[in-house]
Amino acid sequence: MGACEQVRKVTRYPVEGPNALWQLYRTVSPWKGVKNFIFIQISRYCPVLSWKNWIYRRMLGMKVGEHTAFGLMVMVDVFFPELITIGRNSVIGYNTTILAHEYLIKEYRLGEVRIGDEVLIGANTTILPGVTIGDGAVVAAGSVVHKDVAPGTFVGGNPLRVIERKSPEGGSQGNGEET
């Protein structure tokens with residue numbers, strides 16, 4: 001792990017017996033899962049941004065800032081959407097997936113996802129649990145966000161790499177460094 005690499009902020013819960021996904025309904029009510037699935041599917045196809053945000057806030061417990069826009073087919077975490085916070089005036093691109101949980105073989109993990117103000121997430125991006133994406137950041141389409149993204153940074157790819165970073169004077173500097 002490089003000096004700049006951050007570990008995602010997740011809480012680990014070990015499990016005994018079959019893999020953690022087989023034990024899902026010991027950790028989440030099946031009724032919560034069904035309710036959330038229905039409202040997420042409605043939101044995925046809904047063309048009215050204000051209605052989507054209402055569903056995310058009121059029915060799923062997400063924290064969504066004013067004027068944030070979710071593209072069609074965005075998939076938010078079905079079991080723990082309340083762990084997702086998105087600031088104001090951000091855009092979440094088409095078919096993006098935002099996860100706040102991971103069910104593995106011997107454990108499951110939960111982590112808050114925090115997306116700042118005026119963030120642009122490109123289409124078909126996957127955001128993993130426990131990451132923070134800072135204000136003004138841009139994530140290129142098709143990326144896997146597996147670590148924190150600094151404010152004002154343009155990142156992309158899998159593995160995620162810095163493409164450009166805004167300098168303190170407001171300009172930008174390409175550097176291609178990994179964070």
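**Close-ups of a predicted model**

**View 1. Helix α3 and its neighbours.** The buried residues of α3 pack against α2 (30–45), β2 (63–64), β3 (69–70) and β4 (75–76). Packing here goes by contact, meaning heavy atoms within 4.5 Å. Helices (H or I, at least four residues) and strands (E, at least two) are DSSP runs, numbered from the N terminus. This is a predicted model, where local features need pLDDT of at least 70 and side-chain atom pairs count only at pLDDT 80 or more, while totals for chains, interfaces and linings use all residues. Residues are numbered from 1 along each chain as its sequence is written, and side-chain values use heavy atoms, leaving out hydrogens and water.

View 2. Which residues of α3 (residues 49–59) are buried? They are Lys 52, Asn 53, Ile 55 and Tyr 56. Buried means under 20% relative accessible area, exposed over 50%, and partly exposed in between (1.4 Å probe, protein chains only). Looking down the axis of α3, you'd find these buried residues within an arc of 155°, so they line one face of the helix. That arc is taken from the directions from the helix axis to the C-beta atoms. After α3 comes Gly 61, with a positive phi near 75°.

**View 3. An open sheet of 3 strands.** The order is β1-β9-β8, and the pairing is antiparallel. At the edges sit β1 (11–14) and β8 (101–103), each pairing on one side only. From one strand to the next, the twist averages 15°; axes are lines fitted to C-alpha atoms, for helices over the stretch in contact, and angles run from 0 to 180 degrees between N-to-C directions. Two strands pair if DSSP finds at least two bridges between them. For β8 and β9 (residues 107–110) there are 3 bridges, and Glu 102 has Arg 109 in β9 as its bridge partner.

**View 4. Strand β16 and its partners.** How does β14 (residues 138–139) pair with β16 (residues 153–156), parallel or antiparallel? The sense is parallel, over 2 bridges, and Val 138 has Phe 154 of β16 as its bridge partner. With β17 (residues 161–166), β16 runs antiparallel, joined by 4 bridges. Phe 154 turns up again here, opposite Glu 164 in β17. The hairpin of β16 and β17 has 4 residues between the strands, and its Gly 157 takes a positive phi near 100°.
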